[in-house]
Amino acid sequence: MDDAIKLVFDVAAFASIMVLVVSGLAVIASLMGIFNLGHGEFVLLGAYTVFLFREWGLPIWLGMMVAPLVVGAFGAGVERTVIRRLYAQPVIAMLATYAIGLIIREIVRGLIGGKYYAIEEPLSGAFQMGGISFSVWRTVIICATVVTMVGAWMFLTRSRTGLQIRGALENAALARASGVSTARLYALTFAMGAALAGLAGALMVPLFSLSADLGVRFLVQAFLSVMLGGIGTFGGPVVGGAMIGSMVPGFQWLREIPGVAEQVSPVVAEVLVFVTALIIVKFWPNGLISAGRK
Amino acid sequence: MALPGTPPRKQRKIMPILEVGVLVALLLVPLVTSDFHTIIASRMLLLAFLAISFDLCWGYSGIMTFGQALFFGMAGYVSALLANKAGFVQIWGIVPVSMAVGLVSAFLVGWFLLLGRRTPTIIFVALGTLTASYAAERLVAGWQWVGAANGMSVWDFLKVGPYEIEPGPTFYYIILGFLIVCYVASRWIVRSQFGLVLAGMRQNEERLAFFGYRVQRFKALVFSFAGMVTGLAGGLYAFHEGFIGPGNLGIVQSTYAVLYGLFGGVGTLLGPVLGVGAIEMIAFNLSDIDELKPYWPVVLGAIMLVVVTYRPTGITGFLVSTRERIGTFGLIRDAWRDRPKPDDGGSGGPA
């Protein structure tokens, strides 16, 4: 029983990270119809910011606070210089974001080399509850995700800007005709999506080690989550992210079943997650959440 | 279609001139350069297959493939395994096997991603190919039997009967021969009536579907053919480089395929070849400068960004007009031939 609770806790921590990554990706995809293929590298950028702070001798937690701002500002810059020109051609925009991702990834690779860097948790250790020990940092991740998601949901449903965003999502032309500046909304959304990616990257870097290819891995998983959940709703991508985020450690855990570990290596388990997700998406192309509505 | 009053003016075509020019230049390479440079050039030719196959997918049929290297690398691995585990290095066996591996694997991926009751979204296809390539790289890198992350070295040379083909002028001409065959075959396909359907799909896929064309099947066919083209190159690549590794079927190589195509100009078959030449030549010359070397991919990314944002037709766009790039499929000529003649009667209006 204790093991089961611990497992659920660990899975929840990984799922939280994925939810953060995915919500950033999904908010951009829903509103603008642009799938940001550089999103994984935004996550990487967030992780790298934390790494830089450590290199400079500044506290790591400060780096984690600053990372979303840095990545959000970067996202705003990208939107202003590149994406803005390509709203009419979402496919070309995808290629452009792919190129941006490539640039970020290779710059980071050039700066840190092909190495892996472990970054220690700012709040290490564990606390006891009911005789089970929980990692403090993973608890922080889960709480931060819940707070961010509730905040984002409040922002979208309660604030004026949130209303405008939902309006623009429903009917962009009508929103413009009603005097809402969709260009401003798009810029804001893109920056917000990037900031979420930065936050995710900063929070998860102590769990994974920092390497240049960190983003690719998250990109693939995040995209599968978005497609699994379906875009255009708030809940869909969150659920999709939680599913993929829990499948990845979940499939690894299945290897604990006696006799399976010899047959299935960790890599195979990871690939099986992708295959499962792709098969689900193949048969429910609109995603699991929106599938019932349309 | 509004008919011209005079026979269609003979267009001055630039494409054939370019094609012949490139062909002559390629034929001359081993004669005018050292063996060392010929080997570099052979490598570029092999990558040209990869670029052409990307172009067939993206430029001609709108399949956004971020995993084209998967088929290249798979064929390379199979032929390396044939050489290392079975000792089979005859070219008459390696080439068909490589092509078959490329064809079958591309067909399977295409079947899963493209065919089905519902039309797949472009992002699903892009992501599916990316995932396939990424997953394959991870799997191979963890698989000890095929050399894991270190890849596999191929020590044997490719053989024609008892003769060994070492990398050098002979190998170069063999590769060039295959490239010409693939180029001509691809050109024939995209300029045939089949290619006309592809051109229509590019313009308005939905309309073609309403005309009764099974659009997704056309895409799957092109995708399989493209896999075959790049598979052929992959098989030869393993022998030419004497090495095949996880990087050859992963994201990096697939990204290069995209870059070559976009930089050279998609929608022309010659464009990707020029793209490979340009990018690889710059890379080769820059690789001497050690400070720049780690940042070379950054430069590539920047080039890609600039090209997709400002110059979607790539470098061939500077030379070839859009009209020529798309081609006319004989429509103007046929329309002129079938024009209503004044003495036909019947269409003379109210008399």
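**Notebook: a first look at chains A and B**

I began with overall size: chain A has 294 residues, for which a compact globule would have a radius of gyration near 19 Å, and its value of 19 Å agrees. (The radius of gyration is taken over C-alpha atoms, and the globule rule is 2.2 Å times the number of residues to the power 0.38.) I noted that this is a predicted model, in which local features need pLDDT of at least 70 and side-chain atom pairs count only at pLDDT 80 or more, while totals for chains, interfaces and linings use all residues. Residues are numbered from 1 along each chain as its sequence is written, and chains are lettered from A and ligands numbered from 1 in the order in which they are written.

**Entry: the two chains**

I looked up the extent of chain A, and its C-alpha trace spans about 60 × 50 × 35 Å along the principal axes. I found 13 helices and two strands in chain A. Helices (H or I, at least four residues) and strands (E, at least two) are DSSP runs, numbered from the N terminus.

For chain B I wrote down 15 helices and four strands. Its radius of gyration is 22 Å, close to the 20 Å that the globule rule gives for 351 residues, so chain B is as compact as a globular protein of that length. Along the principal axes, the C-alpha atoms of chain B fill a box of roughly 85 × 50 × 45 Å.

**Entry: where the chains touch**

**Entry: a hairpin in chain A**

I turned to the strands of chain A next. β1 (residues 126–129) and β2 (residues 132–135) of chain A run antiparallel and are joined by four bridges; strands pair if DSSP finds at least two bridges between them. A:A126 has A:S135 as its bridge partner in β2(A), and A:F127 stands opposite A:F134. Two residues lie between the strands of this hairpin, where A:G130 takes a positive phi near 60°.

**Entry: helices α2 and α9 of chain A**

α9(A) came up again, this time packing against α2 (residues 39–55) of chain A at an angle of about 135°, with the axes 7 Å apart. (Axes are lines fitted to C-alpha atoms, for helices over the stretch in contact, and angles run from 0 to 180 degrees between N-to-C directions.) α2(A) and α9(A) are therefore oblique to each other; angles under 35 degrees count as roughly parallel, over 145 as roughly antiparallel, 65 to 115 as roughly perpendicular and the rest as oblique. I listed the contact residues, including A:L44 and A:A47 of α2(A) and A:F218 and A:L219 of α9(A). The residues of this contact divide into eight nonpolar, three polar and one charged.

**Entry: two helix pairs in chain B**

My last pair was α7 (residues 193–203) and α9 (residues 215–241) of chain B, with axes that come within 11 Å and cross at roughly 115°. B:V197, B:L198 and B:M201 of α7(B) make the contact with B:V215, B:F218 and B:V222 of α9(B). I counted six nonpolar, no polar and no charged residues there.

Key: Two residues are in contact if their C-beta atoms, placed from the backbone, lie within 7 Å. Ala, Val, Leu, Ile, Met, Phe, Trp, Tyr, Cys and Pro count as nonpolar, Asp, Glu, Lys and Arg as charged, and the others, Gly among them, as polar.
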